[in-house]
Amino acid sequence: MIASFAAALNRSFRHWSLLPAVVVFVALTVYPMVNLLRMSVSTIEFAEGRAHWSFTPARNVALLASDAVLPAAVINTALFVVAAVAIEVFLGLLLALLVARLERGKGLVRTAMILPILVPPVAIGSMWKLMYNYDFGVFNQTLVALGAAPVNWLGSTSIALASVVAVDIWHWVPFVFLILFAAVEGIPPDVIEAARIDGASTVQIARRVMIPLLKPALAVALIFRGILAFKTFDEVYLLTSGGPGTATELVSLHLYRVYFEQNLLGYGALLSLALIAMIVAALLVSRRALRGMSRA
Amino acid sequence: MSAGATSSILPLAGRERAVGYLVLALAIFCVLGPFAWIMLTSLKQQIAIHTGAWSFAPSWLNYTEVLFGRRSDFAGNVANSLIVAAVSTLLVLIVGTLAAYSLYRFRWARWVVTAFLGWTLLFHMIPVLTLVGPWYVAFRELGWYDTLSALVLTHVTLNLPITVWLMMAFFREIPPELNEAAQVDGCPPLRAFWSIALPLAAPGLIAAGILAFIFSWNEFSIALNLTSRDTATVPVAIARFAQQYEVQHGQMAAAAVIATVPALLLMALGQRFIVRGLTMGSVK
């Protein structure tokens with residue numbers, strides 16, 4: 001009995017080993033995505049613990065058309081992603097090129113750099129919220145001590161988005177650094193040695209030799225960060241919750257509000273589908289770009 | 001791979017080296033400074049925080065208030081987070097490792113592999129909030145809304161892509177001769193998995209386990225919307241701290257510090273596994 005059971009387990013191992021993962025994905029991602037389609041043409045209300053679905057495609061489209069916050073959220077998100085990712089990749093690259101050519105401190109810097117990646121984003125949000133505090137935050141304390149006027153980091157419409165971007169930069173430069181640093185360490189040392197013997201300066205070695213060799217890793221860092229930045233939610237929820245007004249309202253925050261503050265599950269689903277379509281398009285485009293870059 | 005021993009690339013010298021170390025020190029200060037500041041703040045009392053005093057009498061009051069205060073549920077939140085993170089990590093390791101081994105070892109049709117991995121990539125890339133809506137509806141209909149089990153299921157799903165990728169990468173490093181030898185010797189597939197592949201991929205299990213635990217411990221946007229007071233996890237509690245009408249800044253800082261502890265502990269234990277896990281796949 002047991003022997004034949006073991007034999008059956010062995011024979012079918014190939015299939016049942018993949019099965020649990022497939023079940024998880026079908027139940028918790030494929031099915032919800034299909035459900036998004038159904039939700040996007042419905043209005044769902046809960047009464048006495050039961051969901052009541054009604055078919056209202058026109059209402060959801062009308063909500064989309066009359067959503068006054070959405071354009072601001074899209075523009076903010078675009079600004080946020082472009083600014084944050086560009087600065088992160090620039091700083092991460094600079095640091096990786098530099099640290100790779102120092103003899104000491106590599107272990108230390110690597111340890112320090114992992115920390116922001118592993119800390120709860122919510123904790124990072126509350127840390128920076130305290131540091132940005134108008135009355136007693138460390139930045140305004142320093143400014144006042146230097147005789148300057150305090151700045152309303154998170155409360156002023158013109159500065160809030162930049163303040164939020166700064167937190168994202170602090171959070172993610174280390175990640176870009178770790179990716180690029182691993183790639184720099186992979187460059188064969190004799191290539192750089194050869195350039196030095198040919199009389200290239202440090203800056204020339206970095207620009208003409210190292211950066212071209214880092215192109216695939218740079219593309220990966222750009223795409224990874226681009227897509228992750230697009231998803232940013234936790235820190236901004238903590239720091240500003242989208243305010244003041246709609247100054248830092250991002251698409252993810254807006255989606256949260258539609259789903260769970262306005263309880264518009266149907267319209268939220270419509271918005272979600274649009275977001276997913278955008279991500280898929282971005283993935284397809286970036287895949288082509290990635291291939292082009294690694295060939296170049 | 002210890003970094004100091006493999007100083008492979010031509011080191012800088014002279015003034016360039018001095019500038020290099022200066023920038024390095026500045027970078028480390030920028031990264032660690034905020035942590036130091038929040039730590040100091042968590043040891044201050046409300047008055048010291050508000051007057052912005054640099055010198056103060058440190059006290060653990062904020063911590064005892066957060067963890068054991070009458071009006072605080074934080075200890076319960078920590079328990080919830082620990083349960084969800086531990087159970088979901090265990091489950092995702094089982095499910096993810098089996099799937100990774102299956103895809104690596106057995107001859108699946110190409111479209112199966114592409115479809116599976118493509119789907120993990122897509123799911124990993126979309127904002128999870130898009131799915132929290134349908135999850136919310138489904139869990140309400142099933143009566144699982146506001147349960148830790150539902151949260152565990154979503155965290156397993158969330159961590160499955162990265163677990164599968166990591167474990168596949170580690171399995172691929174096993175010399176193929178070992179598998180062939182096992183096959184020639186008539187070693188049953190299950191035995192080959194358990195006694196040959198799994199021990200060799202143990203560093204991968206550690207890396208994937210640490211990352212899954214930390215990501216689950218940190219996860220906010222799902223927990224925010226699928227839990228309520230009794231089932232709230234640590235990140236949800238921290239957000240509530242920050243949004244109280246009268247914010248207790250010292251307690252908010254203490255809660256943030258406490259929330260960082262697991263990451264610090266796991267990092268101290270498994271740093272080299274984590275670095276490998278975080279950068280693996282993204283570079284190759």
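How many residues of chain B are in contact with chain A, and how many of chain A with chain B? In this predicted model, local features need pLDDT of at least 70, side-chain atom pairs count only at pLDDT 80 or more, and totals for chains, interfaces and linings use all residues. Residues are numbered from 1 along each chain as its sequence is written, while chains are lettered from A and ligands numbered from 1 in the order in which they are written.

The contact involves 84 residues of chain B and 90 residues of chain A. Two residues are in contact if their C-beta atoms, placed from the backbone, lie within 7 Å. The side of chain B that touches chain A has 60 nonpolar, 21 polar and three charged residues. Here Ala, Val, Leu, Ile, Met, Phe, Trp, Tyr, Cys and Pro count as nonpolar, Asp, Glu, Lys and Arg as charged, and the others, Gly among them, as polar.

Chain A has 14 helices and two strands. These are DSSP runs numbered from the N terminus (helices H or I, at least four residues; strands E, at least two). The radius of gyration of chain A, taken over C-alpha atoms, is 25 Å. Of the 296 residues of chain A, 42% are buried; that is, 20 or more other C-beta atoms lie within 10 Å of their own, with C-beta atoms placed from the backbone.

The largest nonpolar core has 168 residues. Such a core is a set of buried Ala, Val, Leu, Ile, Met, Phe, Trp, Tyr and Cys residues joined through C-beta atoms within 7 Å. Its residues with the most contacts inside it include A:Ala96, A:Leu180 and B:Ile238. Helix H8 (residues 160–185) of chain A gives the largest share of this core, 17 residues. Leaving aside residues up to four places away in sequence, A:Leu180 touches A:Ala96 and A:Leu214, among others.

Chain B is assigned domain 1 (11–63) and domain 2 (72–279). These bounds come from an automatic or database domain assignment. The domain centres, taken over C-alpha atoms, are separated by 32 Å. Ten residues of domain 1 of chain B are in contact with eight residues of domain 2 of chain B. H1(B) supplies four residues of that side of domain 1, the largest share.

Key
Buried ≥ 20, exposed ≤ 12 C-beta atoms within 10 Å, placed from the backbone. Rg over C-alpha atoms; globule rule 2.2 N^0.38 Å.
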